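Here is a short report on selected sheets, helices and a chain contact. Keep the structure open while reading.

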Amino acid sequence: MDSPHGLAERPAIAIRGLTRRFDDRVAVDALSVDVRSGELFGIVGPDGAGKTTTLRMLAGVLRPTDGTALVAGIDVARDPEGVKPHIAYMSQRFGLYEDLTVRENLDFYADLYRVPRAERPARLERLYAFSRLGEFTDRLAGKLSGGMKQKLSLSCALVHKPDILLLDEPTFGVDPISRRELWLILHEMVAEGITIVVSTSYLDEAERCDRVALLHEGRLLALDTPTALRGSVSGRMLAIRSSRLRRARDVLRGAATVRSAHLFGDAVHVLVEAGVRDEEALAPVRAAGLDVRDVEETEPSLEDVFMRLVG
Amino acid sequence: MNPVEVEGLTRRFGDFTAVDGVTFRVRRGEIFGFLGPNGAGKTTTIKMLTGLLPPSEGTGRVAGLDVRAERDGIRERIGYMSQKFSLYADLTVHENIELFAGLYGVVGTRYEERRAWVLEMSELADAVDRLAGELPLGWKQRLALGCATLHEPSILFLDEPTSGVDPVARRRFWDLIAAMSEAGTTVFVSTHYMEEAEYCHRLALLNRGRLIALDTPRALRARTVDPIFRLETEDAPRAVQALVHAPGMVEAAMYGRDVHVTVENETTGVDTVRAALAGEGLSVASIERVEPSLEDVFTALVRAEGGAVVG
């Protein structure tokens with residue numbers, strides 16, 4: 001762990017062979033990942049991929065079955081209490097007290113984390129500034145909208161200035177406007193030097209991370225920047241529109257030139273080899289007597305990457 | 001007569017107008033998306049359309065029936081599936097189907113046929129004796145869809161039907177919806193997830209109780225929104241801070257280590273961005289125009305209409 005370059009080179013989180021079994025089910029399977037200091041790191045994957053289990057182990061609330069995780073240099077399995085001053089962990093069901101006001105919730109967490117009284121006013125002001133909760137300090141937490149509740153949860157987690165922030169699906173159930181605001185807040189935290197690990201099941205959110213770990217059934221499928229992940233899909237991605245979309249997709253799936261075909265919105269996304277021209281790709285659709293409204297080359301999305309790796 | 005016809009639909013609660021003079025039509029077989037941030041009036045509108053809440057003003061006809069006077073007739077003709085799944089977690093797959101068939105009066109040979117259809121459509125034939133509560137999320141959603149369509153409704157109401165599932169399960173679900181739509185079922189989807197909006201034929205956007213846009217996803221995306229540029233710079237967090245406070249900027253946010261900046265004026269935008277960054281001693285390694293996403297369009301339209309309700 002001691003590197004010749006000093007502490008700055010130490011990863012914020014070093015995960016080696018991290019595994020968690022529940023009876024005969026392996027929720028997280030030999031995960032090895034370094035999260036760099038100051039990074040906004042995304043854990044992306046469907047329901048049941050192991051995202052929550054991984055975050056709970058990193059937060060020191062769940063013991064690994066195997067492997068190690070060093071969080072801020074501390075082994076979470078050996079010293080879960082030692083990790084806690086360095087991190088903030090916001091679970092999916094973060095414990096907001098619905099019958100306490102916004103202000104009372106923040107005070108409660110400030111007490112819990114033993115934030116010195118003298119530091120509190122400045123800290124709260126900062127949290128109100130980004131969360132826009134300042135206007136609602138006397139409102140009961142239970143009476144806030146979903147987006148505001150998430151912002152209050154995040155504020156409570158941040159009340160003690162952690163080095164590392166662990167967030168489990170912070171935007172679940174939050175509308176797009178509030179979602180954007182939450183991401184702006186996360187980027188402000190990163191600008192302040194905080195390392196963030198955030199899980200999400202939305203691939204469009206993964207685009208906002210520095211690096212992304214794609215998890216599926218407890219295993220790491222891919223780990224890279226969003227740009228590099230998108231670049232890993234070789235060949236051409238075409239968006240084909242037809243009035244008989246599903247038929248067009250079925251026909252394309254059977255074609256030799258086609259590597260994959262999926263419905264996406266009002267188009268079929270078709271992946272063909274790099275050398276295949278539009279008309280060659282369309283030939284099976286036309287041969288089946290289906291109309292082609294238009295065809296255009298499109299950039300593969302992270303969703304396409306995921307479908308390639310899983311589907 | 002269209003399956004859904006709404007004219008000047010309004011609902012007040014005391015002096016608060018939740019839905020304000022909304023007018024639209026949904027065509028037969030259409031997948032119609034109903035979008036809006038929390039508090040926009042989506043749920044109130046759906047409650048009126050499904051006969052759960054009488055309108056204060058205006059008219060609504062669903063399957064040709066008046067939402068005020070013919071509520072019972074409407075219930076027989078519609079299917080409803082919510083994000084909270086109207087399933088009984090402690091009943092098996094088979095028992096759930098049986099229960100809903102009883103509720104909808106689907107009996108005898110028709111029951112046998114519909115049950116077989118549900119099991120085939122949802123691919124749950126091998127799971128009939130499993131408890132619904134123990135199924136993976138994607139399976140639950142397919143079962144809930146089956147239960148909501150046992151009585152072959154001509155109009156299907158879906159409330160955020162695929163939130164939280166992975167792209168594979170989501171695509172499978174929407175494949176089923178596309179098949180029902182092709183067979184003539186009208187599908188009314190309420191959501192704030194752009195992933196779901198992408199699958200709709202047309203989208204209605206609601207904000208503060210009013211309809212602010214109604215068009216196809218493609219046409220909405222093609223609408224002139226403020227131009228968005230992606231830029232690379234040496235310090236993205238600082239760049240965002242510099243840009244959000246600069247004149248002529250609408251929004252700035254990080255995407256990984258890139259910055260997406262929305263400017264008011266296309267022609268002067270690039271120069272304004274460069275000047276704002278130069279003022280902070282930052283340089284621009286590259287800058288290029290990017291296509292707006294559906295979420296960008298959504299955010300811009302809501303912003304133009306006075307922003308979302310906060311609180």
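This is a predicted model: local features need pLDDT of at least 70, side-chain atom pairs count only at pLDDT 80 or more; totals for chains, interfaces and linings use all residues.

Local features are reported only where pLDDT is at least 70.

## A four-stranded sheet in chain A

Chain A holds an open sheet of four strands in the order 12-13-11-14. The pairing is antiparallel. Strand 12 (258-264) and strand 14 (294-297) of chain A form the edges, each pairing on one side only. Neighbouring strands of this sheet are turned by 25 degrees against each other on average, direction ignored.

Take the pair at one end of that order. Four bridges link strand 11 (residues 236-241) of chain A to strand 14 of chain A, in the antiparallel sense. A:Ile240 has A:Val295 of strand 14 as its bridge partner. Helix 10 (residues 278-287) of chain A lies across strand 11, strand 13 (267-272) and strand 14 of chain A. Its direction makes an angle of about 45 degrees with strand 11 of chain A.

## Where the chains meet

The contact draws 42 residues from chain A and 39 residues from chain B. On the chain A side, the elements that each supply at least two residues include helix 5 (146-157), helix 9 (245-253) and helix 11 (302-310) of chain A. Strand 12 of chain A, an edge strand of the sheet above, is also one of these elements. Helix 6 of chain A gives the most to this side, with eight residues. By class, the side of chain A that touches chain B has 20 nonpolar, eleven polar and eleven charged residues.

## Strand 9 of chain B and its partners

Strand 9 (residues 202-207) of chain B is mostly covered, with five of its six residues buried. Strand 9 of chain B pairs in the parallel sense with strand 3 (residues 31-35) of chain B, over four bridges. There, B:Phe34 is bridged to B:Ala204.

Strand 10 (residues 210-215) of chain B runs antiparallel to strand 9 of chain B, and five bridges join the two. B:Leu206 stands opposite B:Leu211 in strand 10 of chain B. Two residues lie between the strands of this hairpin, where B:Arg208 takes a positive phi near 50 degrees.

Helix 1 (residues 42-49) of chain B has B:Lys42, B:Thr44, B:Thr45, B:Met48 and B:Leu49 buried. These residues cover an arc of only 165 degrees around the axis, so they sit on the same side of helix 1 of chain B. Their cover includes strand 3 and strand 9 of chain B, along with strand 4 (57-62) and strand 8 (186-191) of chain B. Just after helix 1 of chain B, B:Gly51 takes a positive phi of about 80 degrees.

Helix 4 (residues 108-122) of chain B has 15 residues. It reaches 21 Å from its first C-alpha to its last, close to the 21 Å expected at 1.5 Å a residue. Its buried residues are B:Arg114, B:Val118 and B:Ser122. Seen down the axis of helix 4 of chain B, they fall within an arc of 50 degrees, so they line one face. An α-helix has 3.6 residues a turn, so residues three or four places apart point the same way. The face turned away from the buried side carries exposed residues B:Thr109, B:Glu112, B:Glu113, B:Ala116 and B:Glu120. Helix 3 (93-104) and helix 5 (137-148) of chain B are among the elements covering the buried residues of helix 4 of chain B. Just after helix 4 of chain B, B:Glu123 takes a positive phi of about 55 degrees.

Notes. Residues are numbered from 1 along each chain as its sequence is written. Chains are lettered from A and ligands numbered from 1 in the order in which they are written. Two strands pair if DSSP finds at least two bridges between them. Axes are lines fitted to C-alpha atoms, for helices over the stretch in contact, and angles run from 0 to 180 degrees between N-to-C directions. Two residues are in contact if their C-beta atoms, placed from the backbone, lie within 7 Å. A residue is buried if 20 or more other C-beta atoms lie within 10 Å of its own, exposed if 12 or fewer, and partly exposed in between; C-beta atoms are placed from the backbone. The expected span of a helix is 1.5 Å times one less than its number of residues. The arc is that of the directions from the helix axis to the C-beta atoms. Ala, Val, Leu, Ile, Met, Phe, Trp, Tyr, Cys and Pro count as nonpolar, Asp, Glu, Lys and Arg as charged, and the others, Gly among them, as polar.
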